Amino acid sequence: MYFAALLARTEDGWEASDTELDDVETLSDLTELAREASDDDTVIVFIEQEDAWFGIVRIEGEEDPRVYVSDGAAAARSSYGEILTREILGDDLDDIVDELESLDLDGTEDGEPLDGDTDDDDEETSVAAEAVPAAPVGDRLILADLGMPPADLMALDSDALAEIADALGAAEVLEAVR
């Protein structure tokens, strides 16, 4: 189960809204969704999966999005998290996945699958998750200029969105959508 929210900075302060990710398949889709919320202003997209991990995407105008994920390995095991970790690690992740797949580390002596019903997409996601560190990945400075230093961001665990909104001065508007 995912929770997603948008925090958009406007001339009047922060505006918050929860959002559906049903049509999001790529980071470009997520970026477009955020840009629709606010044309040239800062938009923070927050995605959380059941307290396992959270991700932040910061979009400002036409600049490339900046991405941070609290636990790369946990995020890489989920569809939306994989979108974010692939953006962070890019070609490095593809190289690591290719290398791990070439080793044929499936737990059997001859390299044969344990059961014949393996799903290639599940295998690829599993290999990708093994290649990503079980630690924060991405732009640790993503919120530094907005009031949340990297050490505070990396220390967040549960209820991260509330603490981020508080640091940004958007706690009240966030409570209206939660």
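1. In this note a residue is called buried when its relative accessible area is under 20%, exposed when it is over 50%, and partly exposed in between, as found with a 1.4 Å probe on protein chains only. By that definition R58, at 2% relative accessibility, counts as buried.

2. The structure is a predicted model, in which local features need a pLDDT of at least 70 and side-chain atom pairs count only at pLDDT 80 or more, whereas totals for chains, interfaces and linings use all residues. Residues are numbered from 1 along each chain as its sequence is written, and side-chain values use heavy atoms, with hydrogens and water left out.

3. On confidence, pLDDT is the predictor's own score for each residue, from 0 to 100. The protein chain averages 81, and 76% of the residues score at least 70. Confidence is highest in β5, at 96, and lowest in helix α4 (residues 120–131), where the mean is 53; helices here are DSSP runs of H or I with at least four residues, strands are runs of E with at least two, and both are numbered from the N terminus. Where pLDDT is low, the predicted coordinates should not be read in detail.

4. Salt bridges, taken as a side-chain nitrogen of Lys or Arg within 4 Å of a carboxyl oxygen of Asp or Glu, number 4 in the structure. R58, E60 and D145 are linked in a network of them. While R58 is buried, E60 is partly exposed at 23% and D145 is exposed at 57%.

5. A further salt bridge joins the side chains of D139 and R66, at 2.6 Å from N to O. D139 lies in the loop between β6 and α5 and R66 in strand β5 (residues 66–69), so this pair ties together parts that are 73 residues apart in sequence. Both partners are partly exposed, D139 with a relative accessibility of 23% and R66 with one of 25%.

6. Two strands are treated as paired if DSSP finds at least two bridges between them. Strand β1 (residues 2–10) runs antiparallel to strand β3 (residues 42–49), with 7 bridges joining them, and F3 has E48 as its bridge partner in β3. β1 is also antiparallel to strand β2 (residues 13–18), through 6 bridges, with E15 of β2 as the partner of A8. A hairpin through 2 residues joins β1 to β2.

7. Aromatic pairs are rings of Phe, Tyr and Trp (its six-membered ring) whose centres lie within 6.5 Å, with planes under 30 degrees apart called stacked, over 60 edge-to-face, and the rest tilted. The count comes to 4 such pairs. F46 and F54 are stacked, at 5.7 Å centre to centre and 20° between the planes, and F46 is buried at 2% relative accessibility, as is F54 at 2%. F54 also forms a tilted pair with Y68, at 6.1 Å and 45°. F54 lies in strand β4 and Y68 in strand β5, so the pair ties together parts that are 14 residues apart in sequence. Y68 is buried, at 0%. Elsewhere, Y2, W53 and Y80 form one aromatic cluster.
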